[in-house]
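I opened my notebook to look a few things up in this structure. Come along and check each entry against the picture.

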Amino acid sequence: MKTDYKNWVPKGMICGLIAGTGVLGAGLATSIVLTKDASKPVRIAANSILGGATLACAIGAQWSVYAYGQFSYNGKRKLSKQIIEGTAGYVDIPEGGVGLDVGCGSGALTIACAKRNPRARMMGIDRWGKEYASFSKELCERNSKAEGLKNTSFSGGDATHLEFEDETFDAVTSNYVYHNISGVSKQELLIETLRVLKKGGTFAIHDIMSKGRYGDMKAFKEKLMAKGYEEVRLIPTDDGKFMSKTESRRLGLSGSTLLVGRK
Ligand SMILES: C[S@@+](CC[C@H](N)C(=O)[O-])C[C@H]1O[C@@H](n2cnc3c(N)ncnc32)[C@H](O)[C@@H]1O
């Protein structure tokens, strides 16, 4: 049995964009023929709207094929693998302890942490919605089995309201999840994740922590330190650590940062 961590760019999105480009392109060709004898304003309006939509869809399709290739576990670049393993490198769980991965997707980070901490257990939770339809609990369990692991478990859960008591876990981690969650302050999501971390436990949270999304993260770091958190660091990962600046811009990952430390 082989692992299949799927891709952060869903295949369905690529197929939809390619099909959309085809349909809109055909619509544009038809419109050019049908409006041949129409007045100039009608011709320009109809064809420029369809032309713009076709172009936007074609650019989206081209970007998604590029991003899919860069992220793919089977491609040359393997950026997802680098980010997952890089983030897991900060997750230390004491013997017999339990770590939590919030928004585990296909189980990649949960599994990387479980492999790094073989004497501990890792739990992955996710809400597994429509936007990442290829990710599921069953996929996580298959991947864990394919890796030969026995120290993982997966269950449904929501990052905005974790169904765990305060201080349940010995480590908490997450990768590229919170920026997807709209209508909630990202700093509140971090606080909710840190709520379930035991005193003394480590955290490693990786996401696009741009000011527009997360607000003032330097002030957030100071707030944690004032509460007694230790070794808190904000580590940019888009400046060569996980990816180059150019790569991060091309892939829409500018501002990628690791928040690490000890509670
Ligand atoms: C880009 S994927 C990353 C998956 C995984 N962390 C990884 O690194 O491969 C984002 C994941 O966040 C999950 N997610 C989004 N909103 C969530 C929420 N409110 N609670 C739990 N998971 C959520 C999605 O279902 C998806 O699996």
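At what angle do the axes of helix α3 and helix α4 cross? I found that the axes of α3 (residues 79-88) and α4 (residues 108-116) cross at roughly 45 degrees and come within 9 Å. Axes here are lines fitted to C-alpha atoms, over the stretch in contact for helices, with angles from 0 to 180 degrees between N-to-C directions. Helices are DSSP runs (H or I, at least four residues), numbered from the N terminus.

I noted that this is a predicted model, where local features need pLDDT of at least 70 and side-chain atom pairs pLDDT 80 or more, while totals for chains, interfaces and linings use all residues. Residues are numbered from 1 along each chain as its sequence is written.

Next I listed the contact (C-beta atoms, placed from the backbone, within 7 Å): α3 brings S80, I84, E85, T87 and A88, and α4 brings A108, L109, A112, C113 and R116.

Then I turned to P41, which I found in helix α2 (residues 40-71). P41 is exposed because 8 other C-beta atoms lie within 10 Å (12 or fewer count as exposed, 20 or more as buried, and in between as partly exposed). Its C-alpha atom is 61 Å from that of A146, 105 residues apart along the chain.

Last, I looked up the ligand: 22 residues surround the ligand, with G103, G105, A159, N175 and V177 the closest (C-beta atom, placed from the backbone, within 6 Å).

Notes: Helices (H or I, at least four residues) and strands (E, at least two) are DSSP runs, numbered from the N terminus. Two residues are in contact if their C-beta atoms, placed from the backbone, lie within 7 Å.
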